[in-house]
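Welcome, and thanks for taking a look. Please open the model and keep the sequence at hand while we walk through a few local features.

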Amino acid sequence: MADEGGGDLGGLDADTADLHLFVAPTADLTGTTATEVPVDPGVAKFDLEFTFGETLEANAPAGIAVELRYSKDLFDDITAQGLVTRLARLLDDLTADPRKPVSAAQVLLPHEARAIEGWAGTEAAVPEDTVAALFEARAARTPDGVALRSGATTLTYAELNRRANRVAHTLTGLDVGPESFVALALPRSADQITALLGVLKAGAAYLPVDPDYPAERIRTMLGDARPALVVARRDTLGALPSPLPGGTRVLTLDEPETAAAIAAAPSTDPTDTDRTAPLRHGHPAYLIFTSGSTGRPNGVVVTHTGTANLAARQIERFRVGEGDRMLQFASPSFDAAFSEVCTALLSGAELVLATKDELTPGRPLAEVLTRHRITHVTLPPVALPLLPPEALASVTTLVTAGDALPRDAVRRWAPGRRLVNAYGPTEATVCATMSEPLTGDDEPTIGRPLGGVRVHVLDDRLDQVPPGVTGELYVGGPGLARGYAGRPGLTAARFVADPYGPPGARMYRTGDLVRWDRGGRLHFGGRADHQLSVRGFRVEPGEVEAVLLAHPAVAQAAVILYDDGRGGRTLTGYVVPAAGHTADAAALRRHVAGALPGHMVPAAVVPLERFPLTPNGKLDRKALPAPGFTTEASGRAPRTPREELLCELFAEALGVPRVGMDDSFFALGGHSLLAAGLIGRLHEALGVEIGLRSLFEAPTVAELAERLEAGAGPDGGEFDVLLPLRAGGEGPALFCVPAAGGLGWSFAGLAPHIPDRHPLYALQSPGLSDPRERPATVEEAAARYVERIREVVPHGPYHLVGWSVGGLIAHEMAVRLRAGGAEVALLAVLDAYPLAGTPVTPPDRAEVVETVRGQAGGHRLDDAATERLVEVYLGNTRAARAFTPGVFEGDLVHFAAGQDATGTLTPGLWLPHIGGQVEQHHVACGHEEMTRPGPLSVIGPVLAGKLADEHDEHHTHGA
């Protein structure tokens, strides 16, 4: 038999090579005869070709000769040699025991087994302290260092530690401790980080609850977790279901009595004598919900055992320390956020928080990175192509995680910094493996296991697979989660006995396909099941499919991540309508958005008559068609290279396959956030600076190309009192009055939902362009706006929609127009309420800055513009509190933000001020989200219907 180095190499020509293996006979074939037929195979006909024949040479041992021919373009000599040696081992194993199943034969070579044992991980020492103790030690070493920056709030390590201690002592006084769960229904803020640390110090485990999640999702999470307590603020109470499951208590941080009790609590580090029970490593540290294939989310219970190990390894590998600044980018409901918090706060670095809008990939995120001089950031690969080249100038360590890292991203972003690709499931405490710093020529890998972590690449018999062969990844070690809360069956299926570890050891079956390379690095190869990764979030298609199937119009549903072949991947749903029903794609998306987080809502829903099937009757996912779009690209093709590039940039920004010369950016689904990305791409690709006003006035490729050809530079006008979002159209115009910030850009998202025949205008505060012109009262603002809209539509009928304070102004405009004899055919308000006599907490200036930047939709604002927006916001809120509406003799269409419902501000407050009916609509979003694309997809069709009804009525009267 051949040994590990057996086989002779010999070249046939430049493109193929031969390897020979001689196998001695091991069976007596007495009574049989064979006749040799000489065959000259010549050059290999296949990429890989084995030829078997009897050896008859005089000096050669009797047996079977095996010749391997292979393409040298596809296989190197070492790989070919390994195939021959492995074949010899396979035959050895089978002939030694002919009764053994072929599937059980050993193909792993002894030297490979020894190498894999070393690659699988080391028994590195695991830190014994908890995260809470490590943070306390860090605060004692660097008490005056900046620990946390959030808007205008800056906390040193000593200040943050004292605040967290007071929260911890308050919790222990409420009988919260080890084995307790505390839900944190808090937005990105200093309060959220303080509460997180306070829960850990009390010995309990925290459960992040995103206030932006649909109410049904939050109800399910709290029902499964059964937390002892929910920590919230007054601005997030409306997101919580009522009543809470099991009578769970609520601690509202900014209620005066609660705030006073926390302030009076001890500021000293809590010990086991303060806690309800001694804190041990096996106690839960946090509970994170991930998508579940059964249609319900799964709660992963992670213990303290692996959290300190995670922080220690990442601090070392990321080279983060005192003076560095780490951005908290991940959603607080995602386990990567815990990693960012620990890595920053246990190393002495500064943790920087930003609002969700500021973290929008593209120029908003780039501005945050630049403004705060971020040195360390973890981003999903999908965010990188949206960043301008200068965005990471201050970043010394860039970590990518959550999805496969493209090779082009390594070439672009590795130079000038440390680029590390990390991998890990929630069930293994965030991170299990990590690459070495990648260079521009490196193929991206997920590297090697962290210290203390053990990994195995196994086949379906739990046998080790050779290097280069794809298998399923299993993870073991200190970071292994306890299991799934209330799911013993699922826990047993995914957390299995480790045959390669000590007695009682477990390993987690990740479902990810990987392979070892010859250097002991892991390469990601997709999923063993249908689980998807969307912007770094785990999505089980079964959970989305279950929600679609709950709709009465759906008989069958399938969800995939559609790949357009150009790097664009879209979460797409496919449905077969139930008998007697038609599938309304927009309605189905709204249905899903009411039950699942935004990252789990399909970007498109495609109705099909029937699903494509494989020959064995299963769903053929590869045969599902490309997702359709609401508007087809026009037939007119670009004529010049610049027009061709503009078409490509429009399509890229919109996420559609192609855009024609005469397609409107906003009619194809564009909105102010996407417009910010397009403007950034235009600057990067063409070196041109255009303003948002240019895109409103020239929304097609043809119009924008003509404007650029004429040499249009950075234009003004974005802050004009009357801003045309779509000036053309023979139908009645819709005038939009903005919220307190006075900025109307986000109403551009109505364009896809309002027919083209209707012009669309935004009214904006005069104080944005000239602070001296800022109206002091609602009445004054309404008078100015009425004057401007009469310049466009002198006689009516008028159609008005106002958001928040803008709803009060729109109502006053309607009163004034009706008093002047004009017809007001539509008055609609978005989460607007009469506020006179209602107790309103004065807004915090730092929060106002974040709010107005969010209303800018990701567009760059200089300090002067931001200051004007803030002053307009503060002035409008004062004016709203002092305003008592009159009576509008007509109907009101009211859209309420369901996630911010407080029980005190209700549409009924309008009844004394409306002579007709108040028509109510519920929108599953927060107050500040009313003009984002998702909510506008609910609001827009209602407004369009009202415009159509009014148009039909006028035609009937004139017949």
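Is Leu48 buried, partly exposed or exposed, going by its relative accessibility? Bear in mind that this is a predicted model. Leu48 has a relative accessibility of 34% and counts as partly exposed, because the partly exposed class runs between the buried limit of under 20% and the exposed limit of over 50%. The residue lies in strand S3.

Strand S3, residues 48-54, gives the most to the nonpolar patch, with 3 residues.

Now for the backbone. Most residues other than glycine have a negative phi, and most peptide bonds are trans.

| Site | Backbone feature | Location |
|---|---|---|
| Ser242 to Pro243 | cis peptide bond, omega near 0 degrees | Pro243: loop between strand S9 (229-232) and strand S10 (249-252) |
| Gly796 to Pro797 | cis peptide bond, omega near 0 degrees | Pro797: loop between helix H19 (778-792) and strand S34 (798-803) |
| Arg226 | positive phi of about 50 degrees | loop between helix H6 (215-225) and S9 |

How does Arg319 sit, buried or exposed? Arg319 has a relative accessible area of 59%, so this arginine counts as exposed, the cut-off being over 50%.

Definitions and conventions. Residues numbered from 1 in each chain as written. Predicted model: local features only at pLDDT ≥ 70, side-chain atom pairs only at ≥ 80, totals over all residues. Heavy atoms only, no water. Helix = DSSP H or I, 4+ residues; strand = E, 2+ residues; numbered from the N terminus. Buried < 20%, exposed > 50% of the residue type's maximum accessible area, 1.4 Å probe, protein only.
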